[in-house]
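My entries follow the order in which I checked them.

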Amino acid sequence: MSSVRGEFSSRIGFIMAAAGSAVGLGNIWGFPTQTASNGGAAFVLAYLVLAFCLAYPALMAELIVGRHGQANAVKSLQKISKTKAQKAGAFAVGFGGIICAGLILSFYSIVAGWMMTATLEPVAQVASQDTVANWLSTQSLSRDLVFTAAFILLTVAIISRGIENGIEKWSKRLMPALLTILFALIVYVFMQEGAMKGLKAYLVPDFSLILEPKLLISALGQAFFSLSLGTSVMIIYGSYISKKENIVALGTYVTLIDVFIAFVAGLLIIPAMYVAQELGVQIFSETGQLLSEDTLVFTVLPALFDSMGDIGLFIGFAFFALMTIAALTSSISLLEAPVSYVVEQFGLTRMQATFGMGAIITLVSFTILFNFSSLFGFVIALTTQYGQPLLGLMCCLFVGWLWNRTSLLKEIEQGSPEIGATFFWKIWPWYIKFVCPIAISLVFLSKIIDW
Ligand code: PHE
């Protein structure tokens with residue numbers, strides 16, 4: 001089996017692909033806007049602690065299950081299950097994760113489609129295509145259908161090429177492009193009036209806010225979304241890691257890159273909001289609340305770009321291109337989850353599976369678009385507030401309670417023989433057994449009782 005499965009050809013290839021999955025709209029849009037609405041620097045601090053102490057151990061659990069199983073999420077989880085009931089549970093968690101990934105991809109493609117329209121709008125303006133520019137910037141069903149489908153098609157084109165030539169190759173191209181645009185934009189925004197005020201709000205914490213339950217819960221939820229947990233994606237990516245690699249080091253790099261990019265995106269967005277305010281754009285409502293997340297991204301930032309004159313067109317283009325690239329490296333991992341399952345389970349070719357799944361996801365996305373007001377928010381809440389925490393929790397329980405400690409250690413020792421003597425091995429199994437499940441349950445419960 002493993003000879004026909006793809007594998008990442010290099011360590012850097014895996015890091016770029018997994019970091020590409022983790023780094024997405026969640027980092028560049030979700031993290032900064034959540035920071036702004038949850039007390040600025042206090043949220044950043046809580047996020048950093050929770051990402052490293054809770055999300056990172058959970059990520060390691062998923063990667064290790066995948067590498068051990070060398071198969072899709074269902075099979076990999078079943079490999080560590082012993083009884084019939086456990087195997088049925090493994091199916092529920094693995095398959096649930098695949099469905100969750102498919103549903104996330106359905107709404108993610110709609111948002112990514114908006115990013116594409118915002119990228120192309122300045123291009124149409126420069127080409128003096130006013131009607132097109134107007135169509136691109138005005139929300140309409142036809143526009144959203146076209147761009148959602150176009151984004152899914154881009155994702156399909158990459159995934160159909162397989163692991164090494166598709167996911168790995170494109171992640172290695174897109175991730176450096178993303179970093180370059182991000183830093184160039186930061187340099188520009190820092191030179192503008194008002195940026196320093198934003199920087200202060202972002203970096204100087206108000207410690208009295210730090211233990212607010214709502215803040216902690218949002219920060220943990222954000223960390224789980226950002227590290228792509230509870231969707232089977234990291235199990236699949238783990239299954240493409242060679243047994244020769246030090247899996248603990250790889251997972252650590254991915255976490256560091258993901259957190260770093262979220263932090264850096266905040267350095268761009270929060271100061272940019274204050275620069276916009278300096279230019280007379282409204283960023284707080286009359287009651288002092290920050291405007292909603294989509295208002296910030298699709299109204300405040302374009303208003304900022306507009307006020308910059310001609311260079312604003314270019315900056316707007318670069319900003320939304322950055323968003324589109326970030327979304328694409330995540331969407332390819334989301335599509336890989338169902339595709340790898342169908343290929344391995346039903347013996348379809350990768351091409352058939354990719355186009356088949358692409359068609360199904362497009363249908364689901366279109367259904368959401370046709371029933372936008374009732375379905376869009378519902379699917380986001382269902383997957384990110386319920387699906388991901390619950391499935392992430394189950395994964396920790398599988399690794400912490402069902403997997404025999406000696407064989408778990410044996411799996412991690414492949415590629416890092418000295419791991420048994422390290423701090424990681426002393427502390428991680430306890431995290432997976434107790435700390436992560438309890439903390440995730442708290443997040444989950446808080447969503448249900450709406451703290
Ligand atoms: N982590 C991605 C982001 O931050 C989203 C994602 C979630 C990707 C779950 C894959 C799986 O945007």
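**Entry 1**

I looked up S232 and asked: is S232 buried or exposed? S232 has 4% relative accessibility, so S232 counts as buried. The cut-off I needed is under 20%. I am working from a predicted model. I found S232 in the loop between α10 and α11. Its phi is near 75 degrees, a positive value in a residue other than glycine.

Then I turned to S228. S228 also sits in the loop between α10 (213-226) and α11 (233-239). Phi of S228 is near 60 degrees, and this is again a positive value in a residue other than glycine. I read 9% relative accessibility for S228, so S228 counts as buried.

**Entry 2: Y188**

Next I went to helix α8 (residues 162-190), where Y188 lies. Y188 has 16% relative accessibility and therefore counts as buried. Which residues does Y188 contact, leaving aside its neighbours within four places in sequence? I noted M308, I311 and I315. I also checked Y188 against M273, which is 85 residues apart from Y188 along the chain. Their C-alpha atoms are separated by 13 Å.

**Entry 3: α7 and α15**

Two packed helices are described by the angle between their axes and the distance between the axes. I looked up both values for helix α7 (residues 141-159) and helix α15 (residues 350-370). The angle is about 160 degrees. The axes are 10 Å apart. Angles over 145 degrees count as roughly antiparallel. So α7 and α15 are roughly antiparallel to each other. Their crossing is right-handed.

Which residues meet here? From α7 I listed L141, D144, L145, T148, A149, I152, V156 and I159. From α15 I listed R350, T354, F355, G358, I361, T362, S365, F366, L369 and F370. I sorted the residues of this contact into 11 nonpolar, 5 polar and 2 charged.

**Entry 4: Confidence**

Last, I checked the pLDDT. The protein chain averages 90. I also noted that 98% of the residues score at least 70. Which element of the protein chain has the lowest mean pLDDT, and which the highest? Helix α13 (residues 293-306) has the lowest, at 78. Helix α15 has the highest, at 97. A reminder to myself: where pLDDT is low, the predicted coordinates should not be read in detail.

Terms used
Residues are numbered from 1 along each chain as its sequence is written. This is a predicted model: local features need pLDDT of at least 70, side-chain atom pairs count only at pLDDT 80 or more; totals for chains, interfaces and linings use all residues. Side-chain values use heavy atoms; hydrogens and water are left out. Axes are lines fitted to C-alpha atoms, for helices over the stretch in contact, and angles run from 0 to 180 degrees between N-to-C directions. Helices (H or I, at least four residues) and strands (E, at least two) are DSSP runs, numbered from the N terminus. Angles under 35 degrees count as roughly parallel, over 145 as roughly antiparallel, 65 to 115 as roughly perpendicular and the rest as oblique. A crossing is left-handed if the near helix is turned anticlockwise from the far one by less than a right angle, and right-handed if clockwise. Contact means heavy atoms within 4.5 Å. Ala, Val, Leu, Ile, Met, Phe, Trp, Tyr, Cys and Pro count as nonpolar, Asp, Glu, Lys and Arg as charged, and the others, Gly among them, as polar. pLDDT is the predictor's confidence in each residue, from 0 to 100. Buried means under 20% relative accessible area, exposed over 50%, partly exposed in between (1.4 Å probe, protein chains only).
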